[in-house]
Amino acid sequence: MDRDRRVLAELVGAHGRTYAEEAGIRLRDTPQPLYRLLVLAHLLSARIRGPVAVATARALYEAGLRDPRRMADASRRRRVDVLGRGGYRRYDERTATQLGAEAELLTARWGGDLRALREEAGGQVPELRRLLQEFPGVGPAGADIFLREVQRVWPRSAPRLDRKALQGAARLGLPEDPDAVVRAAGDTEPAVLAAALVRAALDPEVVRDTLERAG
């Protein structure tokens, strides 16, 4: 257990930054930050490098497409242009369409407020995961990304370490039991722990760096 604690302390110390933080989202339980997190999760779930998805989420915000009404009102051409500006070119045409449809669904069904989706789900993670996948372009991976990050402000969803986070744990030689990992992480915030483990799952250099530091 001492070894597990050392590894997690080094991992979180060096790589414990949520993807929302990286994208400049000050996550709160209010409509706009939650919507921005949904868009970020959507972008991160494609087969594209994480830094590109994060940069594109920032570009959409800087272009004023920061809430579902503005996203839906923007022309498809404008959405394509902003996605390209962020470097998200491989999937720009399809994603531009999906972002428009996603914003329209969120507005029509939940009044533009993801807290209403949470209420419909009764705060239950399996139902939250199912409802999130009703958004065009948000599949299982996108729903998992959203739920990993949102546990910072939706405590009923925490602690949540999904399959991708546990894959990172395995690569670090940690238990693949989420409860055991959470215990070894002590008072580390679950969203931060999950993000750090996902970075280990995605980047062998994070694993090497962490294990070298932990000795």
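This is a predicted model: local features need pLDDT of at least 70, side-chain atom pairs count only at pLDDT 80 or more; totals for chains, interfaces and linings use all residues.
1. Residues are numbered from 1 along each chain as its sequence is written, and side-chain values use heavy atoms, with hydrogens and water left out.

2. Back to Arg199, which sits in helix α13 (residues 190-202); helices (H or I, at least four residues) are DSSP runs, numbered from the N terminus. Arg199 has a relative accessible area of 15% and is therefore buried, a word that means under 20% relative accessible area with a 1.4 Å probe, protein chains only. Setting aside neighbours within four places in sequence, the contacts of Arg199 (heavy atoms within 4.5 Å) are His15, Arg17, Thr18, Tyr19, Glu22 and Val206.

3. Next, the open spaces. The largest pocket has a volume of about 800 Å³ and a lining of 27 residues, with Leu44, Arg148, Lys164, Val198 and Leu202 nearest its centre. Two or more lining residues come from each of α1 (2-15), α2 (19-22), α4 (50-62), α10 (140-150), α11 (163-171) and α13. Helix α10 provides the largest share, five residues.

4. A word on how such spaces are found: on a 1 Å grid over the protein atoms alone, a pocket is an open set of points with protein on both sides within 12 Å along at least five of seven lines, while a cavity is a set of points where a 1.4 Å probe fits but cannot get out; lining residues have an atom within 4 Å of a point. Grid points are joined across faces, edges and corners, and a volume is the space filled by probe spheres set on the points.

5. By class, the lining of the largest pocket has 12 nonpolar, four polar and 11 charged residues. Ala, Val, Leu, Ile, Met, Phe, Trp, Tyr, Cys and Pro count as nonpolar, Asp, Glu, Lys and Arg as charged, and the others, Gly among them, as polar.

6. The second largest pocket holds about 160 Å³ of space. Of its 14 lining residues, His42, Ser45, Ala46, Arg94 and Gly137 are the closest to the centre. Helices α7 (92-110) and α10 each supply at least two residues of this lining, which has five nonpolar, seven polar and two charged residues.

7. The search of the whole structure finds one cavity of 30 Å³ or more. The largest cavity has a volume of about 80 Å³, and its lining includes Tyr35, Arg36, Tyr61 and Arg66. Helix α4 gives the most to this lining, with four residues. The lining divides into eight nonpolar, no polar and three charged residues.

8. In helix α9 (residues 125-132), Val125, Leu128, Leu131 and Leu132 are buried. Seen down the helix axis, these buried residues fall within an arc of 125 degrees, so they line one face of α9; the arc is that of the directions from the helix axis to the C-beta atoms. They pack against α3 (31-44), α7, α8 (114-120) and α10.

9. Lastly, one for your backbone check: the peptide bond from Ala158 to Pro159 is cis, with omega near -10 degrees. Pro159 lies in the loop between α10 and α11.

Note on methods:
Buried means under 20% relative accessible area, exposed over 50%, partly exposed in between (1.4 Å probe, protein chains only).
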